[in-house]
Amino acid sequence: MAKGVKWVQPDPKRKNWYWPTQEAKERAWISDPEVYEKAEADPEGFWEERAQELHWFKKWDKVYEEAPYEFKWFVGGKTNLSYNSLDRHIEAGNGDRVALIWEPEPTDQPGRVLTYSELLEEVSRLANALKEMGVGKGDRVGIYLPMIPEAVIAMQAVVRIGAVHSVVFSAFSAEALRDRMLDCGAKVLITADGYYRRGKPIALKPNADKALSGTQVEKVIVVQRSGSEVPMSMGRDVWYHDLVKDQPTECPAEEMDSEDLAFILYTSGTTGKPKGVMHTTGGYAVQAHTTCKWDFNLHEDDVHWCTADVGWITGHTYINYGPLLNGVATVVYEGTPDHPDYGRMWQVVEKHKVTVFYTAPTAIRMHVKWGEEWPAKYDLSTLRVLGTVGEPINEEAWLWYFKNIGGERCPIVDTWWQTETGATCVQSLPGIGPFVPTVAGRPFPGVRVAILDAGGQELPRGEGGYLVLKPPFPPALLRGLYGDPEKYKGTYFSEYGPGFYFTRDGARIDELGNVRITGRVDDVMNVAGHRLATAEVEDALTQHALVSEVAVVSKPDEVKGEVPIAFLLLKKGAQPSDDLKRELIKTVDAHIGPTARPAEIYFVEDVPKTRSGKIMRRVLKSLVRGEPLGDVATLRNPDSVEDLKRAVGYTG
C-alpha cells in the first residue's frame with residue numbers, strides 16, 4: 001500500500017464526521033450503500049451468497065430454518081472450519097503465503113512465522129495425536145494456553161477432527177478453569193508450563209493441576225514455553241513436542257454438519273455461574289469470514305493484528321478464524337502493551353508492517369495517558385484500517401487514536417458484538433462510512449436490529465431503548481447454552497419472546513440508521529473489554545470466611561471503562577483492615593483472576609434493601625457514580641443510605 005494515502009475525508013457539515021475517499025472506495029470490497037437495503041430485503045439470500053465463497057463438502061438443502069427458540073443456517077450442508085482456514089488456500093496455490101506471525105514478549109527471543117502450508121502441517125500433527133488419544137467427533141477439549149502459536153494450532157486441530165474446543169483465558173484461576181472443564185465435560189486439556197509477562201516467567205501448569213481434581217480430564221498436553229520445571233503426572237501428562245514429533249503431517253478434515261457444535265466459550269451471566277455459549281460450524285464460518293473481510297477490507301497482502309487474547313471471542317474470531325478464513329497473515333502477540341516500554345505495540349506494528357490494527361478502547365486510553373511521543377517514535381504508515389472492540393469508545397480516545405495512530409488517514413471501525421453473536425453485528429464499513437466518535441455504525445448487511453421500549457414497542461429513530469436482533473437471526477448467533485436450554489431461553493428470549501434476541505444493551509439509532517450503544521442494562525460489567533457479572537465477583541468475595549454479605553456494582557473508569565466496587569458486611573467479631581482488603585483481593589484472584597479485582601472495597605454495616613430483602617444495587621450504583629439516588633423512602637432500611645453516602649464521599 002502506498003504511503004500517505006488518505007483513506008478518509010472530513011465531513012464539512014458535521015464536526016468529527018469522516019467518510020471514505022474516492023480512492024478508498026475503489027479499494028474496498030464494498031462501497032455501495034445499497035448493499036444494506038438489498039440485504040434487508042433478502043437476508044437469507046445475502047448470507048447464501050456469502051456462504052458460496054467458502055468450501056462445502058456438500059451444499060445445503062435449505063438456507064434458513066426457524067422454530068421458537070431454535071434456528072438453523074445452511075441446513076444439511078457439510079463443511080469444516082479448519083479446512084476453510086487452511087486447505088482451501090493451499091489448494092488455490094497460496095501455501096507459501098504467511099499465515100501466522102508470533103511475537104514473543106521477551107525482545108531477545110526469536111519469534112515464529114508460519115506459512116499456510118507449515119501451519120496445516122502443525123495442525124495435522126496435533127489433530128492426529130488427539131485422534132490417537134481417542135478424541136473424536138463431539139468430544140470436548142479444553143485449551144488453557146497463553147498467546148503462543150500453539151493456541152491457534154490447538155483450536156484448528158480440535159475443529160479439524162470434529163471435536164469441540166473450550167478455550168479458557170490463561171489468566172483465569174484454577175477454580176475458574178475447573179468450573180468450565182466440569183461443565184463441558186472435557187476429556188483432554190491442552191496447557192503450557194508457563195509464559196512471560198512483563199519480563200518474568202509466569203507458571204501456568206500448576207494452575208491446571210489444581211483445576212483438574214474431580215474433572216473428567218484424562219490427558220493433559222503440555223506445551224514447553226517458559227522452560228520452567230513443572231510436575232508431570234505419569235500416565236496423564238505428556239509434553240506437546242514429544243506427542244507430535246512423529247505424527248503424520250496429513251490429517252483429513254472431518255465433514256461437519258453446518259449445525260454441528262464447533263466450540264463452547266464461557267461468558268459471564270447475571271448469576272455467578274458462567275454460561276457455556278455454543279457456536280456451530282457453518283453459520284459461524286460464514287459470518288466470521290464475511291465480517292472480517294468487509295470490516296477490515298482484507299486483501300491477500302494484509303497483516304492483521306487483533307490485540308485480544310484467544311481466551312475471548314474476539315481472539316477466536318479475529319485472531320484465529322476470521323483472518324485465516326480470509327487467507328491473510330494474523331499476528332499473535334504474547335506480551336503486554338507497556339513492556340519493555342510504552343512503545344512496544346507500535347514497535348510491533350513497524351516491525352511486521354501491520355496494515356489492520358484492532359484493539360480495545362481500554363488499551364487506547366492507556367496510550368493516551370502515556371503520551372503521543374511513544375507512537376511518534378515509530379513508522380505507522382502501513383496502517384490503513386483501525387478498529388475498536390469490547391465497549392463503546394469515548395470521543396477523546398477516538399480522536400487520539402485517529403490522529404496519533406492513524407495519522408488522520410485511516411477509518412476507525414468501531415464494532416459492536418458479543419460473545420453470543422460470534423462475530424461483529426454493528427459497524428461502519430471502510431468503503432461506506434461514516435466514521436464518527438461514539439457511534440458504532442449501521443447493522444452489518446443481513447443483520448436486522450430494532451430498538452424497543454420496555455413493553456416491546458419499536459421506538460422511532462433518535463429515541464433510546466433496548467437493542468434487539470430480529471429474525472432471520474445472524475448466522476453466527478449462539479445456538480444455546482451448554483447443558484441448559486431453559487437458561488438459554490430465559491436469558492435471551494424471555495424479555496420479548498422468541499421473535500427477538502435481547503442483547504441487554506441500550507442503544508439509539510440516528511436518522512441515517514447509525515447505532516449508538518449506550519451501555520449494559522443488566523448486572524454485567526465491561527472491565528477493560530472483558531465481560532464480568534457483578535454476581536461472579538460477589539460469589540468470589542463470599543468465599544472468604546469473614547464475609548457475611550456482599551454487593552458489587554460497576555463504576556466508570558477512564559482507562560478500563562468500568563471497574564467493580566464492592567460493599568461488604570463482615571461476620572460478627574471481624575474487623576475491617578487493609579490486610580483484610582488484601583486478602584479479599586487474593587480471594588478474587590483465586591476464584592476468577594486479576595481482571596475481576598474490585599477497585600475499591602467498602603466495609604459497611606448495611607446495604608439498601610427492598611422490603612422483600614433484595615439488595616437495591618441501583619442505589620449503590622448511583623452512590624458510587626455520584627448520580628441522583630431517586631426514591632429511597634420505600635426501602636426497608638432507608639437510614640443505611642446516609643451511612644453509605646459518608647463511606648463513599650457522595651456529593652450527588
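How many aromatic pairs does a search of the whole structure find? The model is predicted, and local features need pLDDT of at least 70, side-chain atom pairs count only at pLDDT 80 or more, while totals for chains, interfaces and linings use all residues. Residues are numbered from 1 along each chain as its sequence is written, and side-chain values use heavy atoms, with hydrogens and water left out.

**Exercise 1. Give the count of aromatic pairs, then classify the pair of Tyr-18 and Phe-402 and the pair of Phe-263 and Tyr-284.**

Solution. The criterion comes first: rings of Phe, Tyr and Trp (its six-membered ring) pair if their centres lie within 6.5 Å, and planes under 30 degrees apart count as stacked, over 60 as edge-to-face and the rest as tilted. With this rule the search of the whole structure finds 41 aromatic pairs. One of them joins Tyr-18 and Phe-402, with 4.4 Å centre to centre and 45 degrees between the planes, and is tilted. Because Tyr-18 belongs to strand 2 (residues 18-20) and Phe-402 to helix 15 (residues 395-405), this pair ties together parts that are 384 residues apart in sequence; helices (H or I, at least four residues) and strands (E, at least two) are DSSP runs, numbered from the N terminus. Tyr-18 counts as buried at 13% relative accessibility, and Phe-402 counts as buried at 2%. For Phe-263 and Tyr-284, the ring centres are 5.0 Å apart and the planes stand at 80 degrees, so this pair is edge-to-face. It links distant parts of the chain, with Phe-263 in strand 16 (residues 261-267) and Tyr-284 in helix 10 (residues 282-295), 21 residues apart. Phe-263 and Tyr-284 are both buried.

**Exercise 2. Explain why helix 13 is described as largely enclosed, and state what follows directly after this helix.**

Solution. Helix 13 spans residues 361-370, and seven of its 10 residues are buried, so the helix is largely enclosed by the rest of the structure. The buried residues are Pro-361, Thr-362, Ala-363, Ile-364, Arg-365, His-367 and Trp-370. Just after helix 13, Gly-371 takes a positive phi of about 110 degrees.

**Exercise 3. Describe the backbone at Phe-74 and Arg-504, and say whether each residue is buried or exposed.**

Solution. Phe-74 is not a glycine, yet has a positive phi of about 55 degrees. Its place is in strand 4 (residues 70-75), and at 0% relative accessibility Phe-74 counts as buried. Arg-504, also not a glycine, has a positive phi of about 65 degrees. Arg-504 is part of strand 28 (residues 501-509), and at 17% relative accessibility this arginine counts as buried.

Notes. Buried means under 20% relative accessible area, exposed over 50%, partly exposed in between (1.4 Å probe, protein chains only).
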